Amino acid sequence: MAREGLTINPAKTCQPIGAMYAALGIHGCLPHSHGSQGCCSYHRSTLTRHYKEPVMASTSSFTEGASVFGGQANLLASIETIFSVYDPDVIAVHSTCLSETIGDDLQQITKKAKDDGKIPEGKYVIYASTPSFVGSHITGYANMVTGMAEQFAVSTGEKTDQINIVAGWMEPSDMREIKSLASLMDAKIVLFPDTSDVLDAPQTGKHEFYPKGGVTIDELRSTGDSKCSLALGCMSAEPAAIALDKKCKVPFETLDMPIGLSATDRFIMALSKAAGKPVPASITAERGRVVDVMADMEQYFYGKKVALFGDPDQIMPLTEFLLDLGMKPVHIVSGTPGNRFEKRMKEILERAPYANFKNGAQADMFLLHQWIKNEPVDLLIGNTYGKYIARDEDIPFVRFGFPILDRVGHSYFPSVGYSGAMRLIEKILGVLMDQQDRMALEEKFELVM
Amino acid sequence: MKGKEVMDTQNINLLEGREKQVYEKTAGGAEVEIACDKTSLSGSVSQRACVFCGSRVVLYPVADAIHIVHGPIGCAAYTWDIRGAVSSGPELHRLSFSTDLQEMDVIYGGEKKLYRSLVELIDQYQPNAAFIYSTCIIGLIGDDIDAVCKKVAREKGIPVLPVHSEGFKGTKKDGYKAACHALMKLIGQGSTEGISACSINILGEFNLAGEAWIIREYYEKMGIEVVATMTGDGRIDAIRRSHGASLNVVQCSGSMTTLAKDMEEKYGIPFIRVSYFGFEDMSKSLYDVAQHFPDRPDIMEKAKEIVRDEIRKYYPEMQKFKAALTGKKAAIYVGGAFKTFSLIKALRTIGMSVVLAGSQTGNKEDYKNLKEMCDEGTVIVDDSNPVELSKFILEKEADLLIGGVKERPIAFKLGVGFCDHNHERKIPLAGFIGMYYFAREVYESVMSPVWQFAPRKGGLR
């Protein structure tokens with residue numbers, strides 16, 4: 001089907017939800033949606049379905065009047081209400097297609113709030129412009145993380161021994177794993193944003209409006225004095241590292257998100273080099289175990305065709321990992337537009353000239369399904385929306401990415417690092433072997449695999 | 001700073017400006033009128049949605065039409081197959097179509113893109129109609145959606161219906177109205193030949209988990225022809241001829257009363273309000289319909305028979321639940337107020353009392369009725385927020401919360417059982433059998449062994 005205008009079954013969503021997710025990674029922060037009530041409600045619902053956690057965010061509740069006269073009054077009133085009632089340390093405002101189109105200037109409005117004394121002493125309002133008609137949820141995430149860096153980082157002129165790690169869009173479990181790896185290496189880091197202990201909070205019998213996790217304001221301020229930054233993801237993390245470099249002269253290195261063996265190797269080496277610390281034996285041993293499983297099971301991976309879809313910073317290293325496992329990533333789709341992504345994918349896919357790859361406009365689930373019908377695959381990897389294709393075509397399916405609305409685990413078990421690689425291997429093998437068992441003829445039904 | 005005490009959900013103050021939307025029924029208490037139909041306070045963590053959401057939920061279950069969201073990608077992405085409105089045939093409604101407007105479209109207008117998208121879609125899927133939803137920025141960039149729809153309708157020979165659902169142009173209720181207006185354009189276009197004199201339309205039933213099928217079967221057993229269900233398991237042809245029915249039976253009054261009134265005015269079809277939740281209201285909805293056909297006593301006879309048989313079938317089974325649940329307390333926070341009435345009665349059937357009752361979109365009359373129905377000590381809220389809900393659930397020691405997706409994890413964090421009475425219900429809760437399922441679900445959640453590890457009010461036990 002030739003298409004010019006239409007998107008069918010999108011492989012992306014809009015900027016503001018990314019900004020909301022990022023803002024939840026600041027301790028004591030209330031994300032604020034400057035737009036209609038529905039935006040905030042949809043984002044909260046989607047994040048709640050993905051995390052099975054309460055997600056708190058406020059809205060400017062635009063009316064027709066606001067849309068004619070501008071949303072300044074709504075935002076000023078919101079800031080006042082939020083500080084007096086919900087008492088956060090930070091309000092992180094993001095715009096919407098509506099407030100962008102009517103031309104609200106968040107910088108000017110938040111400045112006015114400060115000048116008018118609506119922001120109490122020791123409290124902060126940060127902002128990010130996140131028009132829904134540009135980029136995707138990944139862009140919104142990157143914009144809010146950049147906002148954190150730009151608006152909090154301070155340079156005292158004296159560098160510290162600290163390394164900034166800018167987290168691309170990953171799960172709370174992934175952020176926990178990054179911190180754990182750094183701690184094993186004895187590297188002093190500040191990770192931001194950090195949604196661990198926010199969106200994977202324990203049951204305590206209380207509804208904690210501001211759970212205990214999240215990067216603190218002091219930590220964010222200190223990022224300006226760090227000796228360097230590692231940005232995990234060229235799309236969702238790098239813009240914040242660039243902003244820190246510009247504002248506070250913090251040099252940075254951009255890495256692929258550490259998903260799979262090779263990308264994790266690069267991350268560990270970069271961290272070791274930046275921190276001036278050797279890689280501890282425990283990490284080396286963990287890596288060894290991953291390679292061991294890869295070797296033990298190589299026959300089950302080799303030559304298997306895979307279709308995958310999702311967000312750029314995750315898809316890039318995942319594609320590389322599949323190739324490292326001997327699999328053939330034949331169809332790859334991401335709704336998020338971006339030249340960096342295309343360029344990096346071309347590099348990774350040099351080993352796989354057969355692969356179909358598309359991102360941006362009309363790179364959606366409908367296209368992926370068409371490709372799969374033309375050239376069937378043995379495995380599908382992507383978010384929950386892949387389940388329709390997996391069912392129609394009877395393809396083993398590994399859930400990976402955002403959103404996952406029908407399974408748990410993603411917020412508790414990492415996909416990054418060596419333990420993430422191990423988990424991916426286990427999941428991929430699990431579905432492939434289940435399928436083999438299900439389809440096997442009686443005489444070929446194997447006990448030992 | 002009062003913040004500390006405010007954020008301790010066990011000891012919070014009400015949001016300033018919210019005093020009039022919260023009411024506690026006390027003996028000899030002042031008769032305060034609940035302020036409702038208000039837009040939410042700017043800056044509140046409201047549980048409400050927008051105009052687009054209202055239109056989308058009402059029209060979504062029409063399964064042989066394409067639903068195309070005109071705007072940036074988000075509105076289509078967030079409403080993609082999130083409502084379990086099942087279809088017995090085509091499933092076009094479960095796909096997500098968007099014009100995915102980009103910056104250039106916002107600057108130069110999205111009409112051409114919409115036109116192309118519609119043509120491509122109609123050629124590909126051959127639907128019986130198309131609904132085009134305007135989102136926020138369409139209202140600002142000034143696309144003439146009506147003109148595009150007319151043009152495509154003419155070229156493709158199917159109804160192409162604009163739904164004016166710009167998010168900021170009112171509340172969710174205005175979205176319901178916009179959806180009803182779109183439906184009104186279809187109604188009257190089909191032939192009413194062969195429709196029985198004893199016929200109805202089922203309005204405001206969305207066939208979540210197959211509920212419309214249950215209800216339809218009762219009416220058909222009574223000897224009544226169901227012309228159209230709007231919109232559960234909905235079909236364009238049925239809707240087009242629905243003006244041939246002699247009665248509109250309206251559930252979910254918030255969303256569909258507009259349509260019932262318009263049909264009454266234009267086609268002289270009377271309507272009644274019903275509810276299918278709980279034995280009491282379910283029975284009444286069969287009797288009320290039977291009463292509309294007084295010259296057919298057999299219909300009433302049949303209704304009585306159904307009620308007798310069904311209650312005989314499920315009532316004994318429910319006694320086990322009732323024995324365990326008697327004395328337990330429930331909190332209700334749902335979209336429409338009318339549903340709250342039924343839930344209060346249904347909960348009483350299984351021995352439970354209601355300590356908190358509220359809705360996102362109730363009107364003055366709803367809240368008046370609610371006050372009359374509730375026991376003393378019950379808190380009534382309009383357009384509530386998580387802080388308030390947590391406060392009252394803990395204060396009133398509720399054992400169960402009935403709500404929607406955003407409320408579920410709050411209940412679980414507090415160590416309280418939960419029942420989804422919204423989009424995400426997995427089993428039918430309507431009808432006699434639905435009451436049984438409801439009782440079972442409440443029982444299973446309230447009595448779950450998990451709560452022994454998830455103590456209320458904090459701390460390890």
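Axes here are lines fitted to C-alpha atoms, for helices over the stretch in contact, and angles run from 0 to 180 degrees between N-to-C directions. Helices (H or I, at least four residues) and strands (E, at least two) are DSSP runs, numbered from the N terminus. H8(B) passes H11(B) in a right-handed crossing, meaning that the near helix is turned clockwise from the far one by less than a right angle.

From H8(B), the contact takes B:Lys173, B:Tyr176, B:Lys177, B:Cys180, B:Leu183 and B:Met184. H11(B) answers with B:Gly254, B:Ser255, B:Met256, B:Thr258, B:Leu259 and B:Asp262. Residues count as in contact if their C-beta atoms, placed from the backbone, lie within 7 Å.

A word on conventions: this is a predicted model, in which local features need pLDDT of at least 70 and side-chain atom pairs count only at pLDDT 80 or more, while totals for chains, interfaces and linings use all residues. Residues are numbered from 1 along each chain as its sequence is written, and chains are lettered from A and ligands numbered from 1 in the order in which they are written.

Now to chain A, which has 18 helices and 14 strands. Its C-alpha atoms fill a box of roughly 80 × 55 × 45 Å along the principal axes. With 449 residues, a compact globule would have a radius of gyration near 22 Å, and chain A agrees at 22 Å; the radius is taken over C-alpha atoms, and the globule rule is 2.2 Å times the number of residues to the power 0.38.

Chain A is divided into domain 1 (15-152), domain 2 (163-280) and domain 3 (283-443), with bounds from an automatic or database domain assignment. The C-alpha centres of domains 1 and 3 of chain A lie 34 Å apart. Their contact takes eight residues from domain 1 and eleven residues from domain 3. On the domain 1 side, the largest share, four residues, comes from helix H2 (residues 37-51) of chain A.

Chain A also holds an open sheet of five strands, in the order E12-E11-E10-E13-E14 with parallel pairing. Two strands pair if DSSP finds at least two bridges between them. Strands E12 (356-359) and E14 (397-399) of chain A are the edges, each pairing on one side only. The twist averages 15 degrees from one strand to the next. Within the sheet, E10 (residues 305-309) and E13 (residues 379-382) of chain A pair over three bridges, and A:Leu308 stands opposite A:Ile381 in E13(A).

| Helix of chain A | Strands touched | Angle between directions |
|---|---|---|
| H14 (residues 312-324) | E10, E11 (328-334), E12 and E13 | about 175 degrees with E11(A) |
| H18 (residues 417-439) | E13 and E14 | about 150 degrees with E14(A) |

Finally, the two chains meet. The contact takes 66 residues from chain B and 59 residues from chain A. On the chain B side, helix H5 (residues 111-125) gives the most, with six residues. Strand E1 (residues 7-8) of chain A pairs with strand E3 (residues 97-98) of chain B in the antiparallel sense over two bridges. There, A:Ile8 stands opposite B:Phe97.

Definitions and conventions: Contact = placed C-beta atoms within 7 Å.
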